[in-house]
Structure formats: C-alpha cells, structure tokens
Amino acid sequence: MENQENELIAFTPANQLDVTEDILAAANRRIAQLDKIVKLSISRTNQNDWVDQGGKPYLTCSGAEKIARLFGVCWKDVKSEKIISSDEQGQYYFYEFSGIFTLGSDSITAVGTCSQKDQFFAKSGGKIKPLSEIDETNIRKAAYSNMVVNGVTRILGIRNLTWEEVKDGGIDKSKAPKVNYDKKEQDNSKISAAQYNRFYAIYKKSGKTEQDVSAFIAKFGIKDPHDLLAKDYNSVIAWLEGGE
C-alpha cells in the first residue's frame, strides 16, 4: 500500500472560483451592513455628542451610550485600577477601566484611561496645577467614559470616522464643541466638553446660584456657560473658586 501522508489535495479552478465568489459576496454584504451601522449610529446623536478634536470628530460618552442602546451593546465585568507611574517630571497616577462589551454573539475587551497629567484637569493658565487642586473624581470618571467610547465604537466598527462621514449622518461640524491644541487658536474657540464638565463640578461646590453665574458670565457677552471662550475660562473658574 502506498504511503499517502504527503499527498496534496488541490482545489480545481472551478472550486477556487466558487470560494472566492462566496468570500466577495459575504464581504460586500458586510460593507453594506457597516455603512448602515455608521449612518444609524450618527443619526442617533446630536452636535453635543461630538467634539472637533484637532480637526477630527471624536464621539463623547453621551453619544456612545445613545448608540449602545440603539444596537443593544452591553458591557459587564467592569474593573478599575489606580496605577502609579513616573517619568522625567516625577511620579503621577492614572486610572484604568476595563470591561467586556458584547453585541449578539460577539464580545471584546475594551480599556479606557485618564491621567493626572491630562491637560484638561491638570493645567490652568498654561501651568501645572498643584495636586491638591486636581479633582481625582473627574479623572476617574473620564477614564470610565473613555472605556465606554472605545468599547462601543470598536465592537460596532465605527472608529476613526471622518467629518465627511459624520456630516452624512446629519452632524454639523461648525456646531460641535472644539478642542484645539494650538494655544492661540484655542483661546478664541469655545470651551471643550471636558472643560464644561469641570466648570459644572466646581460650580456645584461653590455655593453660588445660577443667577450669580449668569450675572458674572454676562461680562463676557454670553448667557450660556457652554459658550465660554477658552481665553475667558480661567477667569470664570477663579471666580467660582473664591474670587470676587
């Protein structure tokens, strides 16, 4: 009896063609499905759920939660850890959240982090704030939010969208909050969602009333704190923290 251990089995050209056509057909169906997911996801959000971050659209946690409910994305086994690290400037900490995100039979593990050195929480007037002035709770919340955004966008395949794609879903780039790392340009733009959240947290602790805040920000020609310009932001924060 001949030894057939090394026998090679080859597909005929016809079979190869059939397999290739099946793969292409499945790929085309998935492309159509992904296009629908992207459009439906964006249509469930509004301008306040997106941030223009350095010229690219960034989905916020509020938008990710809306999209998750639409498609039935769930997450469980959420874990958090405070990690101590260091660099040439010394020791610092960051929070890391992880969780398992599921959609039907698919599941992934997603991670979100936020550092004590994050510029939205650690800097004021271009300078690093003392540790005692940094609200650790906000850093922890931001890490959780980043995990949610990462998990939802990854499992649905809607990461790294362009403004053109977001616009097709009905979102106007000009109305989205803007974050710009060019200091000169940033000073003349509205505050970011993260800056507003910090403002709101400090306001709630300040003991000042809505009327007090309305009267103070009127000096900058606005009625709504969301419309604060970056260049005026620190003045408002200083007033909330005890200034007159």
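At what angle do helix H2 and helix H4 pack, and how far apart are their axes? I looked this up first, in a model that is predicted.

**Entry: the helix pair.** I found that H2, residues 61-71, packs against H4, residues 136-156, at an angle of about 40°, and that their axes lie 9 Å apart. That angle makes H2 oblique to H4. I also noted the handedness: the crossing of H2 past H4 is left-handed.

**Entry: who meets whom.** From H2, I listed Cys61, Ala64, Glu65, Ile67, Ala68 and Phe71. On the H4 side they meet Ser145, Val148, Val149, Val152 and Leu156. I sorted the residues of this contact by type and got nine nonpolar, one polar and one charged.

**Entry: the core.** Next I asked which residues have the most contacts inside the largest nonpolar core. They are Val152 and Leu156, in a core of 32 residues. I then checked which elements give two or more residues to this core: helix H1 (13-43), H2, strand E4 (90-103), strand E5 (106-115), H4 and helix H5 (163-168). H4 gives the most, with nine residues.

**Entry: Val152 up close.** I set aside the neighbours of Val152 within four places in sequence and looked at what else is in contact with this valine. The list reads Ala64, Ile67, Ala68, Val73, Trp75 and Phe101. Ala64, Ile67 and Ala68 were already in my notes as H2 residues of the contact with H4.

Notes. Residues are numbered from 1 along each chain as its sequence is written. This is a predicted model: local features need pLDDT of at least 70, side-chain atom pairs count only at pLDDT 80 or more; totals for chains, interfaces and linings use all residues. Side-chain values use heavy atoms; hydrogens and water are left out. Axes are lines fitted to C-alpha atoms, for helices over the stretch in contact, and angles run from 0 to 180 degrees between N-to-C directions. Helices (H or I, at least four residues) and strands (E, at least two) are DSSP runs, numbered from the N terminus. Angles under 35 degrees count as roughly parallel, over 145 as roughly antiparallel, 65 to 115 as roughly perpendicular and the rest as oblique. A crossing is left-handed if the near helix is turned anticlockwise from the far one by less than a right angle, and right-handed if clockwise. Contact means heavy atoms within 4.5 Å. Ala, Val, Leu, Ile, Met, Phe, Trp, Tyr, Cys and Pro count as nonpolar, Asp, Glu, Lys and Arg as charged, and the others, Gly among them, as polar. A nonpolar core is a set of buried Ala, Val, Leu, Ile, Met, Phe, Trp, Tyr and Cys residues joined through side-chain atoms within 4.5 Å. Buried means under 20% relative accessible area, exposed over 50%, partly exposed in between (1.4 Å probe, protein chains only).
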